[in-house]
Amino acid sequence: MIEDLWYKNALQANAMAQYLRGRLAALPRTRIPWATEANEVFAVLAAPWSEHLQKAASAYVWDAGSGLLRFVCSFDTTEADVDRLFTEPPPQTDNNGQRT
């Protein structure tokens, strides 16, 4: 039904934000400062991943001083879309997430 379309779209976007949060949290030196309660994820990532995802995911720099990025999922974001962001690795890094 058309009346439920907004709800189904919101559920999909929110579910993909949770999925993205899980993928981001698995990266080394990642900090996710706030709960993911809707379709946005905020994260501070090691420099190589931050640079890579700013380009690949059009992540928005929310706070340049801390390196905080904002990711937004939409109703048509799929798990495959999220997974694709992590298939191309960023430049080589050491155990501290620094470029080698």
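Trainee: Is Arg29 buried or exposed, or partly exposed?
Mentor: This is a predicted model, and in it Arg29 has a relative accessible area of 48%. Buried means under 20% and exposed means over 50%, so Arg29 counts as partly exposed.

Trainee: Where is the place of Arg29 in the chain?
Mentor: Arg29 sits in the loop between α1 and β1. Its phi is positive, about 60 degrees, although Arg29 is not a glycine.

Trainee: Which residue just after α2 takes a positive phi?
Mentor: Ser58 does, at about 55 degrees. Ser58 is not a glycine either, and its place is the loop between α2 and β2.

Trainee: And is Ser58 buried or exposed?
Mentor: Ser58 is exposed, because its relative accessibility is 61% and the cut-off for exposed is over 50%.

Trainee: Let me step back. How many helices and strands does the chain have?
Mentor: Three helices and three strands. Along the sequence they follow the pattern α-β-α-β-β-α.

Trainee: What share of the residues count as buried?
Mentor: The chain has 100 residues, and 30% of them count as buried. The accessible surface is about 6300 Å², with 52% of that belonging to carbon and sulfur atoms.

Trainee: New topic, the surface. Which residues form a nonpolar patch there?
Mentor: Trp6, Tyr7 and Leu11 form one, with about 370 Å² of accessible area together. Leu11 lies in helix α1, residues 5-25.

Trainee: How exposed is Leu11?
Mentor: Leu11 is partly exposed, with a relative accessible area of 44%. A patch takes residues with over 30%, so the 44% of Leu11 passes that cut-off.

Trainee: How many aromatic pairs are there, counting rings with centres within 6.5 Å?
Mentor: Five. One of them is Trp6 with Tyr7, an edge-to-face pair with 5.5 Å from centre to centre and 70 degrees between the planes.

Trainee: What are the accessibilities of Trp6 and Tyr7?
Mentor: Trp6 is exposed at 59% relative accessible area. Tyr7 is partly exposed at 43%.

Trainee: And what about the rings of Phe42 and Trp62?
Mentor: Their centres are 5.3 Å apart and their planes stand at 75 degrees, so that pair is edge-to-face.

Trainee: Which strands do Phe42 and Trp62 lie in?
Mentor: Phe42 lies in β1 (residues 40-44) and Trp62 in β2 (residues 60-63), so the pair ties together parts that are 20 residues apart in sequence.

Trainee: Is Phe42 buried or exposed?
Mentor: Phe42 counts as buried, because its relative accessibility is 13% and the cut-off for buried is under 20%. Trp62, at 45%, counts as partly exposed.

Trainee: Which aromatic cluster do they belong to?
Mentor: Phe42 and Trp62 form one cluster with Trp34 and Tyr60.

Key:
Residues numbered from 1 in each chain as written. Predicted model: local features only at pLDDT ≥ 70, side-chain atom pairs only at ≥ 80, totals over all residues. Heavy atoms only, no water. Patch = residues over 30% accessible without salt bridge, like charges linked within 9 Å, V, L, I, M, F, W, Y side chains within 5 Å. Areas by Shrake-Rupley, 256 points an atom, 1.4 Å probe, with all protein chains shown as cover. Salt bridge = Lys/Arg side-chain N within 4 Å of Asp/Glu carboxyl O. Helix = DSSP H or I, 4+ residues; strand = E, 2+ residues; numbered from the N terminus. Buried < 20%, exposed > 50% of the residue type's maximum accessible area, 1.4 Å probe, protein only. Phe/Tyr/Trp six-rings, centres within 6.5 Å; stacked < 30°, edge-to-face > 60°.
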